[in-house]
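My notebook is open, and I'm writing down each thing I look up, one entry at a time.

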Amino acid sequence: MPKDGGIGDSTKRREDIRFLTGKGRYTDDINLRGQAYAYFLRSEVANGRINGIDAKAALAMPGVLAVLTGADFAGMGGNPAGWLINSRNGEPMKEPKRPVLAHGKVRHVGDAYAVVIAETYQQARDAAAAVEADITELPAVVDMAQALADSTNLVHDEIGTNQCFDWGWIEDNRAAVEEAFKNAPHVTTLELTNNRLVPNAMEPRASLADYDAGTGDYKLYTTSQNPHLHRLLIAAFVMGMPENKLTVIAPDVGGGFGSKIYHYGEEAAVLHAAKVLNRPVKWVAERSESFLSDAHGRDHVTKIELATTKDGQFLALRSETMANVGAYLSNFSTATPTFLHGTLMAGPYKTPLVYVNVKTVFTNTAPVDAYRGAGRPEATFSIERIIDKCARELGLDQAEIRRKNLLTPDQFPYTTPVGLVYDTGNYQATLDKMTELADLAGFEARRAESAKRGKLRGLGLSTWIEACGIAPSNLVGVLGARVGLFDAATVRVNATGNISVMTGAHSHGQGHETVFAQIVAEQLGIPATSVEIVHGDTSKIPFGMGSYGSRSLAVAGSAMTKAVDKIIAKGKKIAAHMLEASEDDIEFKDGNFSVAGTDKAKSFGEIAFSAYVPHNYPLESLEPGLEETAFYDPGNFTYPAGAYACEVEVDPDTGKVEIAAFTCADDFGNVMNPMIVNGQVHGGVGQGIGQALLENTSYDENGQLLTGSFMDYAMPRADDVPFYKVDHSCNTPCTHNPLGVKGCGEAGAIGSPPAVVNAVIDALHRGGHTHVSHINMPVSPARVWAAINSK
Amino acid sequence: MTKTSMTVNGKAVSAETEGRTLLSAYLREGLGLTGTHIGCDTSQCGACVVHVDGKAVKSCSVFAQDVEGADVTTIEGMANADGSLGTIQQAFQDHHGLQCGFCTPGMVMSSAALLAENPTPTEAEVRHYLEGNICRCTGYHNIVKAVMAASGQAVPAE
Ligand code: FES
Ligand code: FES
């Protein structure tokens, strides 16, 4: 049974009981009476003109109820990009329509252009084979540089270019940065790619749509990290219905990592089909469909330069990036390579001048969007790799060059040259902590031991920062966001004293049901078992922007805390009346309302009861009931930061890299449940190691996805990773949210890839292969072997 | 359609199947045992692992009709008779060996098969055995810890 604990306790997770006994309720576990099944037809070519779709034969097959194509949805709106970005010249970005189903043209392998609905899934799938689609294959746009150079072969003819925008950050810095580079005593240059990844949450996307012909109400059960955002996008933008006609329920969701933030066409398609057929319609993606149609992550090609003094003081940094957005703009795709990437290019360092240029490019590939870390891993990888190279060129120690340039605690609040204000931090403390935990002093002995076994051992560091808790709405509004990014919570004290908290955050692995209850329990001085967390249902929750960008605690947790404050404030009024004292004299502590300096007190339960049975109650001045809602809009981003060390062993004969040790010293501000925080870091580091060593999404020159299954796409497995050492004791609490929290969900995926690659380069250098200055991720045995033998 | 019978979690059951009905679909759709999850279509992820006559089997890789009459155990059959968590399940909770819970049923079933075969596996043996089970959430740290702990062995502190 879950232990009753408050803030800071490693309370075991209450949700585990249902997950461990097979009683979880994921979308595919839900079945509605009379439901039909959908199977989507997906393009086999990367670029093609749809000349016609003949569904006659399919419609005659057993069990088939309907075949819908792009034409059936042509009257609906487009699925929008959430951020409007302007180019350097002031022009707004190009935003071609993203339809529910492809119409006229298919633009990537996997682009859905029709859907078959049948009595059973197998019947729908069988009938799909009988749909005759006449599609003329056109040359594919795959390579980003070529896409920018070629103005004749376009992903979207109507916009006249393959470039979505050309963004400069901050444009006013550009001249000064150029000047600094001209005069710099030393300049380090590096070209690198940030490999394209498939998020691969273990639960594939799924949707179950229901329509009530009596009321005209739609209901969608779906795999969403943010059901209200889905409701907004589907109702207001795509299907054009009042939001109050659509309920979106995200039940248990098997991981998201960004890929389930977005609205995808299949969701609107099954909702529409449910209405047309007047019966529920279910669709569950096969894993192959996930590979083809989930939003992918990363995919940057970057040139980065660092200007320094001869002794390694950073003077200026600039980067030029091509970022792939794929065939259509997914909801966060324009924010990810810009405001989640460019604004982080100062890192945790004092670098006085920074300029970032990002060109986003349409290609005939799956859409690319935010994946765990979203823009910040790309920024961190560029910065931490160029620092590593610079240190080698100048003959400086990896820790020393960082220490020399890290911001110091006395510099906060610190305004970066790329537009953020870091409120607090202590980067020396995490670097010191990591140095101790990773036993950097003992590295040489471990290296010698590895050498005896014929292995090259290397050490790689990374000191990283991220911006979380997305985001102050007024700030993101200025930057082009089309939504606000506050969050909301309702705290409902039931008449018998137990509590339901309706939160706008959504838990798909993060353990909110446990942690949020710990927080409310501590704040109200009651057992956590009396608190239930309700999430993932737009009909129950006031509003919410959901969970991504490590924002749940920092934003939704703050809203919840504000609502609890209102409960306490009202409780004091009730207590003052019952205790015949002045409200100002009422103190609330450990679940009791008492009159200061006396032993007169009422328990929380008595106050709750009185609110619902208001016999002795100030009815003339106070409403009965005890339920409060609060909305919270953050004053700033939060800035988690940390120092990571990776040790690898490289087999010089095969190029195989093994992670020998991985150590993380993080600053997440106040920690609510250390066990869960550790788990978040483990998971992030696991994904980061996956990116660094194993994972790659590969399209051939015709736009065919070569890595479309778990047989071709190397997911990290248990024996690819070690036990990690993690620590979060160096806390500088966030200064602007009530819990002092910063967020921990993405940290591991942000800080780890450069540490791994730096370690591999270090191993090669120490092994005498000093001609290797960089290897692109994934650092596969073939690439390492080729690099070693490239001289 | 053919009526296919077997024993699942100690109960005699039967449901209609086609020749192509997978054991995973038989369990989920035929019997409503949705604890067994489908995470892939290439028999790679291990979310669907169940025990067939005591052996760990990816239920997406066998046809229901091919295991007619077999004795099958799913995650729904792993708790103690009084409903409390079994040793491995409890270790997964104690050591935070799950996050989103989607890989979890398969992980528990594979771990149970490992410990039946090898009651005190080394860390390397655990990692190697679980190669066929993909978890995207945990980085495997706490899963390996949970399996080691369930076998009564010492585990790292954090
Ligand atoms: S569903 Fe069986 S191995 Fe993935
Ligand atoms: S707990 Fe989410 S996939 Fe393993």
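**Entry: a helix in chain A.** I began at the N-terminal end of α12(A), which A:Asn426 caps: one of its side-chain oxygens lies 3.4 Å from the backbone nitrogen of A:Gln428. Helices here are DSSP runs of H or I with at least four residues, strands are runs of E with at least two, and both are numbered from the N terminus. Helix α12 of chain A spans residues 427–437, and its buried residues are A:Tyr427, A:Gln428, A:Thr430, A:Leu431, A:Lys433 and A:Met434. I take buried as under 20% relative accessible area, exposed as over 50% and partly exposed as in between, with a 1.4 Å probe and protein chains only. I jotted a reminder that an α-helix has 3.6 residues a turn, so residues three or four places apart point the same way. The cover over those buried residues includes α11 (398–405), β18 (456–465) and β26 (641–650) of chain A. After the helix comes A:Asp439, with a positive phi near 50°.

**Entry: ground rules.** I'm looking at a predicted model, where local features need pLDDT of at least 70, side-chain atom pairs count only at pLDDT 80 or more, and totals for chains, interfaces and linings use all residues. Residues are numbered from 1 along each chain as its sequence is written, chains are lettered from A and ligands numbered from 1 in the order in which they are written, and side-chain values use heavy atoms, leaving out hydrogens and water.

**Entry: one aspartate.** Is A:Asp294 buried or exposed? A:Asp294 is buried, at a relative accessible area of 5%. I found A:Asp294 in the loop between α9 (287–293) and β13 (300–308) of chain A. Its side chain makes a polar contact of 2.8 Å with that of A:Arg205. A polar contact is a pair of N or O atoms within 3.5 Å; within protein, one must be able to donate a hydrogen and the other to accept it, and residues adjacent in sequence count only if both atoms are side-chain atoms. Leaving aside residues up to four places away in sequence, A:Asp294 touches A:Arg205, A:Tyr264, A:Glu289, A:Ala366 and A:Pro367; touching, or contact, means heavy atoms within 4.5 Å.

**Entry: a strand in chain A.** Strand β1 of chain A (residues 36–42) has 6 of its 7 residues buried, so the rest of the structure largely encloses it. β1(A) pairs with β5 (residues 112–118) of chain A, antiparallel, over 6 bridges, and A:Tyr37 has A:Ala118 as its bridge partner there. β1(A) also runs parallel to β12 (residues 281–284) of chain A, joined by 2 bridges. I note that two strands pair if DSSP finds at least two bridges between them.

**Entry: where the chains meet.** How many residues of chain B are in contact with chain A? I get 48 residues of chain B against 56 of chain A. The rule finds 5 salt bridges across this interface, counting a side-chain nitrogen of Lys or Arg within 4 Å of a carboxyl oxygen of Asp or Glu. B:Asp94 forms a salt bridge with A:Lys12, their closest N and O atoms being 2.9 Å apart.

**Entry: a helix in chain B.** α5(B) is mostly covered, with 9 of its 10 residues buried. Its cover includes α18 (674–694) and β28 (724–727) of chain A, along with α2, α3 and α4 of chain B. Just after α5(B), B:Gly152 takes a positive phi of about 80°.
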